Amino acid sequence: MKKFFAMMLALVMVLSLAACGEKAPADDGAADGDEVKTFVMGIDPEYPPFSYIDDNGEYSGFDVEVCKAACELLGWNFEVFGVNWDQKLVQLDAMECDCIWSGMTILDSMKEAGYVLSAPYYYNTQVILVKDDSGITSSADLAGKVVSVQLGTSGEALLNEGGDLESLAATFAELSTTDSFIKCFADLDGNAVDAVFVDMPVAAAYVAENEGFTIINEDLGAEEYGIAFRSGDAEMCAEMEAAVAELVANGTYAKIAANYPDIDPVNLVFLND
Amino acid sequence: MTLMTMIMKMSEGLGRTFAIFALTLIFSIPLGMIVAWLRMSKNRIISNVTRFVISILRGTPLMLQLLAVTYGPYYLFEISVSRNKLIPVVIAFAINYAAYFAEIYRGGIESMPVGQYEAANVLGYSKMQTFFHIILPQVVKRIMPSITNEVVTLVKDTSMAFTVSYQEMFTIGKQIANSQTSFMPFLVAGVFYFIFNGVVDLVMGKIEKSMSYYS
């Protein structure tokens, strides 16, 4: 029995050490002498088509590809860090990543809190996703219906008390919130809710892959996506913006956008200047 | 994404899930002993303070404790957050589980009849000898089923580490689920946890059996 314990303990220790030793902080490159900066991009890995895990299990998405290309231009090492969306700004503050860049809506509260925000790169609209046979064709039809929205999204902010669509939300039978949009969609699919409030590209990606759903686009709430940096990092933000501008100029930006049919190029600010 | 890629990707996180599990047990089992000892102290102040601390640890969600341990030092003392998330995660888990273990130990120790202490005293055993040679072996045997309960719960609680974005198995599963709009990763996670707990059951069963010296 003692032998058995000793073996178990040895196994535990080896595995634990292995876990501790993994992926030392990003600064390793600097130790080689020629100070290569590592840029850690903070993303929500659950937000296709902007940032997600692709079929090969790698981080991918429009934002990820753009940032990667920009880092190549700047000669920075590129790294991705998956944040927990509910506390993305806490994690940014705590230096776990250098920016939050993941289909993030620029909010006034972020500016007030002192974060450095990039120029907006995408115009987003909130849309309503319903089933084809629901008979709902406009937001007025939502009266007395159950509507679902993802927690912490700008759609939720609009529908909540004090939001621009508060009066619309008052007509709902119920406003249901879940922690991820996949659960909103599952509720809709399973008839637990009648409609889902969601960002346009997310809805488009879902409709492209699943039959029987319709998007109602009524210009319910317009907002802009941007990149957030820590308060002292205005210089880093400027460098990144310049690199992205160069990508736009040399056509790489449009090429990346073409890989994502769910992102309407009409809404990409840099492609419409 | 094929099922195989999904399973491979999630198994990458399984090592980290196991690290949380194993390190938490290694630290919380002895720590619980110390807490139980403080809790049963004859000194009223020590025992009441310990009781209060235990009630906080058991009375607040583990998720909040994880947040507090990970980000608290940064916001309170400007100590930067550990790049290796395993450290704060294990600290939070170990402290939380030590509180539960402490109460289990106390239940076991207090269930021993006073007569045994008196008998040991008469036979010339010191207090230390009485505890380690007579009381403790019986306590361990008695509390084993409760300990197994906690260990099984711990396996499933490791999923809580997603709150501080430690990339363990469930965190990765959740990310894949939303990236691929599929519930499949949750099923895979369920199977992983079930197998993990199957092994835990087997090991704990073996330990219990080795202690059933009367049958």
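Colleague: What conventions apply here?

Modeller: The model is predicted, so local features need pLDDT of at least 70 and side-chain atom pairs count only at pLDDT 80 or more, while totals for chains, interfaces and linings use all residues. Residues are numbered from 1 along each chain as its sequence is written, chains are lettered from A in the order in which they are written, and side-chain values use heavy atoms, with hydrogens and water left out.

Colleague: How many residues of chain B are in contact with chain A?

Modeller: Contact means heavy atoms within 4.5 Å. By that rule, 37 residues of chain B meet 39 residues of chain A.

Colleague: What area do chain B and chain A bury between them?

Modeller: Buried area is the accessible area (1.4 Å probe) that two parts lose on being put together, summed over both. For chain B and chain A the value is about 3300 Å², with 60% of it on carbon and sulfur atoms.

Colleague: How many salt bridges are found across the interface of chain B and chain A?

Modeller: A salt bridge is a side-chain nitrogen of Lys or Arg within 4 Å of a carboxyl oxygen of Asp or Glu. The rule finds 2 across this interface; one salt bridge joins the side chains of Glu46(A) and Lys174(B), at 3.2 Å from N to O.

Colleague: Which helices of chain B supply the side that touches chain A?

Modeller: Helices are DSSP runs of H or I, at least four residues, numbered from the N terminus. In chain B, α1 (3-39), α3 (62-77), α7 (169-179) and α8 (184-211) each supply at least two residues of that side. The largest share, 8 residues, comes from α1(B).

Colleague: Is Glu103(B) buried or exposed?

Modeller: Buried means under 20% relative accessible area, exposed over 50%, and partly exposed in between (1.4 Å probe, protein chains only). Glu103(B) counts as buried because its relative accessibility is 16%. Glu103(B) lies in helix α4 (residues 86-110) of chain B and touches Arg39(B), Ile54(B) and Arg58(B), not counting residues up to four places away in sequence.

Colleague: Into which domains is chain A divided?

Modeller: Domain bounds come from an automatic or database domain assignment. Chain A has domain 1 (36-122 + 224-272) and domain 2 (124-222), whose C-alpha centres lie 26 Å apart. These two domains of chain A bury about 1000 Å² between them. Tyr47(A), Tyr122(A) and Asp262(A) supply 40% of the area that domain 1 buries against domain 2, more than any other three residues. The count of salt bridges between the two domains is 0.
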